[in-house]
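Welcome, and please open your viewer. We will go from the whole chain to single residues, one selection at a time.

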Amino acid sequence: MANPIHLNIWKHDREEKRVIITYTQREQQVLTILKQQGALTLGQCSKLTRMNRKQISRLLADFIRFGLVEQYFEEHTFYFRLKDGE
């Protein structure tokens, strides 16, 4: 079963449009929280950033496509973290 992040990535890939992301304080906040906290679930990301799940899902999907964030599956849960070297 695909999670919301996978669905956003597949949607962007299917549309074959370029993705343009505006780097604002909101995006910086997400990257800073991931750097400070390490691996987080989608729910934790939503809570810590005070963004709804739809907003944070789109943003994480874009970050994954740009190679800034990676997701991994452990003990029945998807986690998100900054990619090594970021």
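Start with a surface on everything: the protein chain exposes about 6100 Å², and carbon and sulfur atoms supply 48% of that area. Accessible areas here come from the Shrake-Rupley method with a 1.4 Å probe, and for residues only the protein chains shown count as cover. Before you zoom in, note that this is a predicted model, in which local features need pLDDT of at least 70 and side-chain atom pairs count only at pLDDT 80 or more, while totals for chains, interfaces and linings use all residues. Residues are numbered from 1 along each chain as its sequence is written, and side-chain values use heavy atoms, with hydrogens and water left out.

**The whole chain**

Switch to a cartoon coloured by secondary structure. Helices (H or I, at least four residues) and strands (E, at least two) are DSSP runs, numbered from the N terminus. Of the 86 residues, 31% count as buried; buried means under 20% relative accessible area, exposed over 50%, and partly exposed in between (1.4 Å probe, protein chains only). Among contacts (heavy atoms within 4.5 Å) between residues at least 6 apart in sequence, 54% join residues at least 24 apart.

**The core**

Next, select Ile5, Val30, Leu34, Ile56, Leu60 and Val69 and show their side chains. Within the largest nonpolar core, which has 18 residues, these touch the most other members. Such a core is a set of buried Ala, Val, Leu, Ile, Met, Phe, Trp, Tyr and Cys residues joined through side-chain atoms within 4.5 Å. Two or more residues each come from helix H1 (4-15), helix H2 (25-37), helix H3 (42-49), helix H4 (53-65) and E2. H4 gives the largest share, 5 residues.

Now centre on Leu60. Which residues is Leu60 in contact with, leaving aside neighbours within four places in sequence? They are Ile5, Val30, Leu34, Leu42, Cys45, Val69 and Phe80.

**The hairpin**

Select residues 69-74 (strand E1) and 77-82 (strand E2). The two strands run antiparallel and are joined by 6 bridges; strands pair if DSSP finds at least two bridges between them. E1 and E2 form a hairpin with 2 residues between them.

Stop at Glu75, in the loop between E1 and E2. Glu75 has a positive phi of about 50 degrees although it is not a glycine, and Glu75 is exposed, at 69% relative accessible area.

**An aromatic pair**

Show Tyr72 and Tyr79. A search of the whole structure finds 2 aromatic pairs, and these tyrosines form a stacked one, 5.5 Å centre to centre with 20 degrees between the planes. Rings of Phe, Tyr and Trp (its six-membered ring) pair if their centres lie within 6.5 Å; planes under 30 degrees apart count as stacked, over 60 as edge-to-face and the rest as tilted. Tyr79 is partly exposed, with a relative accessible area of 21%.

For the last stop, select Ser46 in helix H3. Is Ser46 buried or exposed? Ser46 is buried, with a relative accessible area of 12%. Beyond neighbours within four places in sequence, Ser46 is in contact with Met51, Asn52, Arg53 and Ile56.

Finish on Arg50, in the loop between H3 and H4. Phi of Arg50 is near 60 degrees, a positive value in a residue other than glycine. Arg50 is exposed, with a relative accessible area of 78%.
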